[in-house]
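Thanks, everyone; I would like to take a few minutes on the backbone of this protein and on one pair of its helices. Please have the sequence and the structure open while I talk.

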Amino acid sequence: MTSTNTLEDNIKMLEQYIEYFPDFPKPGILYKDVLSVLSHSDGIKLLEVILKQISIKLRGKVDCVAMLETRGFIFAPILSLHLNVPCIPVSKKGNLPGPVIELPYILEYGEDVLTVQLSSITKGQKVFIVDDFLATGGTLEAASRLIEKAGGEVVQGLVLMEKLELEGRKRLNFPMISLLSE
């Protein structure tokens with residue numbers, strides 16, 4: 001693993017750190033645990049190299065990184081550092097102090113509310129949105145609508161894993177990078 005490998009080669013190498021759990025969360029499902037990368041120091045180093053490679057391609061094209069609670073909080077600051085831009089939290093209602101903008105949205109299993117601090121996004125700001133997993137796309141779609149409501153424009157998204165059969169990407173109006181898919 002070096003920064004001289006291509007991004008594609010490094011992503012292929014990342015797959016060795018993914019752990020599989022049969023019959024989780026219910027019988028018949030093979031769960032791919034993307035966070036298992038963090039259980040291996042070499043996996044963390046490789047992920048950092050990958051995020052740096054992605055950042056190099058996006059330098060000058062984004063003004064801030066929006067991290068979705070909670071797993072996006074793990075990966076977005078690395079991108080933010082390599083892009084030399086601020087990192088802002090998008091969180092569930094009640095988790096951010098100060099004045100916030102809220103957006104209620106519907107999930108497969110109910111309703112929720114996302115928030116962003118009023119002062120964290122400026123009008124016209126180009127935003128790179130980061131989460132760990134893309135399934136149906138509901139949370140990423142709601143987060144992008146919230147960012148637009150706050151005055152920003154989502155110009156890129158990134159997830160570590162995407163569940164392709166659910167076609168969540170179709171709900172999004174911005175380009176997505178998925179490191180791994182299932």
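Let me begin with Asn 84, which is exposed, its relative accessible area being 72%, and please keep in mind throughout that this is a predicted model. Asn 84 sits in the loop that runs between helix 3 and strand 4 (87–92), and although Asn 84 is not a glycine, its phi is positive, at about 60 degrees. As background, most residues other than glycine have a negative phi, and most peptide bonds are trans.

Asp 23 is another non-glycine residue with a positive phi, near 60 degrees, and Asp 23 lies in the loop between strand 1 and strand 2. With a relative accessible area of 48%, Asp 23 is partly exposed, since the exposed class begins over 50%.

That loop between strand 1 (19–22) and strand 2 (30–33) also holds Pro 25, which is joined to Phe 24 by a cis peptide bond with omega at about 0 degrees. A cis peptide bond also runs from Glu 69 to Thr 70, here with omega near -15 degrees, and Thr 70 belongs to the loop between strand 3 (64–68) and helix 3.

That brings me to the helix pair. Helix 2 (residues 41–58) and helix 3 (residues 72–83) pack with their axes 9 Å apart, at an angle of about 50 degrees, and the two helices are therefore oblique to each other. Leu 47, Leu 51 and Leu 58 are among the residues that helix 2 brings to the contact, while helix 3 contributes residues including Phe 75, Ile 78 and His 82.

Notes:
Residues are numbered from 1 along each chain as its sequence is written. This is a predicted model: local features need pLDDT of at least 70, side-chain atom pairs count only at pLDDT 80 or more; totals for chains, interfaces and linings use all residues. Side-chain values use heavy atoms; hydrogens and water are left out. Axes are lines fitted to C-alpha atoms, for helices over the stretch in contact, and angles run from 0 to 180 degrees between N-to-C directions. Helices (H or I, at least four residues) and strands (E, at least two) are DSSP runs, numbered from the N terminus. Angles under 35 degrees count as roughly parallel, over 145 as roughly antiparallel, 65 to 115 as roughly perpendicular and the rest as oblique. Contact means heavy atoms within 4.5 Å. Buried means under 20% relative accessible area, exposed over 50%, partly exposed in between (1.4 Å probe, protein chains only).
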